[in-house]
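Open the model in your viewer and keep the sequence panel beside it. The tour below goes from stop to stop, saying what to select and what is there.

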Amino acid sequence: MIDFLKTMAEGSAQRAAAIRRTFAARDFDLPILPLNPSEFDLIAEIKDSSPSEGQLATHAAGRADRALQYVQGGATAISVLTEPSRFGGELGHLREVANAVSGSSVPVMRKDFLVDTKQILEARAAGASGVLLIVALLERKKLMNMLHCAFEHSLFVLLESFDEVDLKATHELLQDAQMADRAAHGQLLVGINARDLRSLAVDPERLAELASRLPEQAIAVAESGLRSAGDAATAASLGYRMALVGTALMREPNPAVMINEMLLAGRAAAAEQEEIRTA
């Protein structure tokens, strides 16, 4: 395992071990909001800082206001970074965002380096409707347990890959009938993260290089490095039906406008690809 992922996994395991509470049905009273995918959608991210970009946000009011702007712009979901050591996150940020957008139909997703089912349960209790799981972080049995836990609690999953090895494991996982069904119904998304975990720089070619290996039965999500409407159009033209955008939106004074522009460009490119496919 690459050192960065190993470090994140170790820290995550320590946080999971510190979860002393047990969860009861009453802990899961907050509503679950489903994804409503269209021809191209955007998951907008809230994160306080980034290892490669530094400080991005500073206070709860800023997170809540930005989340509402994401909703206004048309985001299909909001991702919240909860990892504390390198991203300045905490579970409380997830609660803040979920509360801020509770009057909308936009689901909130926990993004972290999750390694234990208890972390999925605490995400659900904090208002999450989805979670991110990383293929390279979890051996097959553990990954299946985490997936089953998420689906048992009606959460959608963004399953993140970084390379061909991860995608091969994802294809094998989708041979399972239940997982294939979840993918077909938009509850199991397959993400490609373009970030190089050794340098933490974005590899702009990775989304294109891996596009032909994406599983056909799952919605594919382009992650990292998308900063403009043109980037969204490029991702859509490669077959990605969603994009996860974080740093660019956190830096943008008017993120609602940026989201709208990216959606219009992505959907136009997706429509063009569909016309070519059916011609």
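Is serine 224 buried or exposed? Select serine 224: its relative accessibility is 15%, so serine 224 counts as buried (buried means under 20% relative accessible area, exposed over 50%, partly exposed in between, with a 1.4 Å probe and protein chains only). Serine 224 lies in the loop between strand 9 (220-223) and helix 9. Its phi is near 80°, a positive value in a residue other than glycine. Most residues other than glycine have a negative phi.

Before going on, some ground rules. This is a predicted model, in which local features need pLDDT of at least 70, side-chain atom pairs count only at pLDDT 80 or more, and totals for chains, interfaces and linings use all residues. Residues are numbered from 1 along each chain as its sequence is written, and side-chain values use heavy atoms, with hydrogens and water left out.

**The whole chain**

Zoom out to show the whole chain. Its secondary structure comes to 11 helices and 10 strands; these are DSSP runs, numbered from the N terminus, with helices being H or I of at least four residues and strands E of at least two. The C-alpha trace spans about 55 × 40 × 35 Å along its principal axes. Of the 279 residues, 54% count as buried. Among contacts with a separation of 6 or more, 73% are between residues 24 or more positions apart; contact means heavy atoms within 4.5 Å.

**Helix 9 and helix 11**

Select residues 229-237 for helix 9 and residues 255-278 for helix 11. Their axes come within 7 Å and cross at roughly 25° (axes are lines fitted to C-alpha atoms, for helices over the stretch in contact, and angles run from 0 to 180 degrees between N-to-C directions). That makes helix 9 roughly parallel to helix 11; angles under 35 degrees count as roughly parallel, over 145 as roughly antiparallel, 65 to 115 as roughly perpendicular and the rest as oblique. The crossing of helix 9 with helix 11 is right-handed (a crossing is right-handed if the near helix is turned clockwise from the far one by less than a right angle, and left-handed if anticlockwise).

Now show side chains. From helix 9, Ala229, Ala232, Ala233, Ala236 and Ser237 meet Glu261, Met262, Ala265, Gly266, Ala269, Ala270 and Gln273 of helix 11. The residues of this contact divide into eight nonpolar, three polar and one charged (Ala, Val, Leu, Ile, Met, Phe, Trp, Tyr, Cys and Pro count as nonpolar, Asp, Glu, Lys and Arg as charged, and the others, Gly among them, as polar).

Next, pick leucine 238, in the loop between helix 9 and strand 10 (242-245). Leucine 238 counts as partly exposed, at 30% relative accessibility. Apart from neighbours within four places in sequence, leucine 238 is in contact with Leu207, Ala208 and Ala211.

**Helix 5 and helix 7**

Select residues 140-152, helix 5, and residues 177-184, helix 7. Their axes are 12 Å apart and the packing angle is about 50°, which makes helix 5 oblique to helix 7. Helix 5 passes helix 7 in a left-handed crossing. Met144, Leu147, His148 and Phe151 of helix 5 make the contact with Gln178, Met179 and Arg182 of helix 7. By class, the contact residues are four nonpolar, two polar and one charged.

Move to serine 154, in the loop between helix 5 and strand 7 (156-161). Serine 154 also has a positive phi, near 65°. With a relative accessible area of 48%, serine 154 is partly exposed.

**Helix 4**

Which residues of helix 4 are buried? Select residues 117-125: seven of the nine are buried, namely Gln119, Ile120, Leu121, Glu122, Ala123, Arg124 and Ala125. What covers them includes helix 1 (3-17), helix 3 (91-100), strand 5 (108-111), strand 6 (130-134) and helix 5.

**Alanine 77**

The last stop is alanine 77, in strand 4 (residues 77-81). Alanine 77 counts as buried, at 1% relative accessibility. Beyond its neighbours within four places in sequence, alanine 77 is in contact with Leu35, Leu42, Ile43, Ala44, Val106, Pro107 and Phe156. Draw a C-alpha to C-alpha distance from alanine 77 to asparagine 36: the two are 9.0 Å apart in space and 41 residues apart in sequence.
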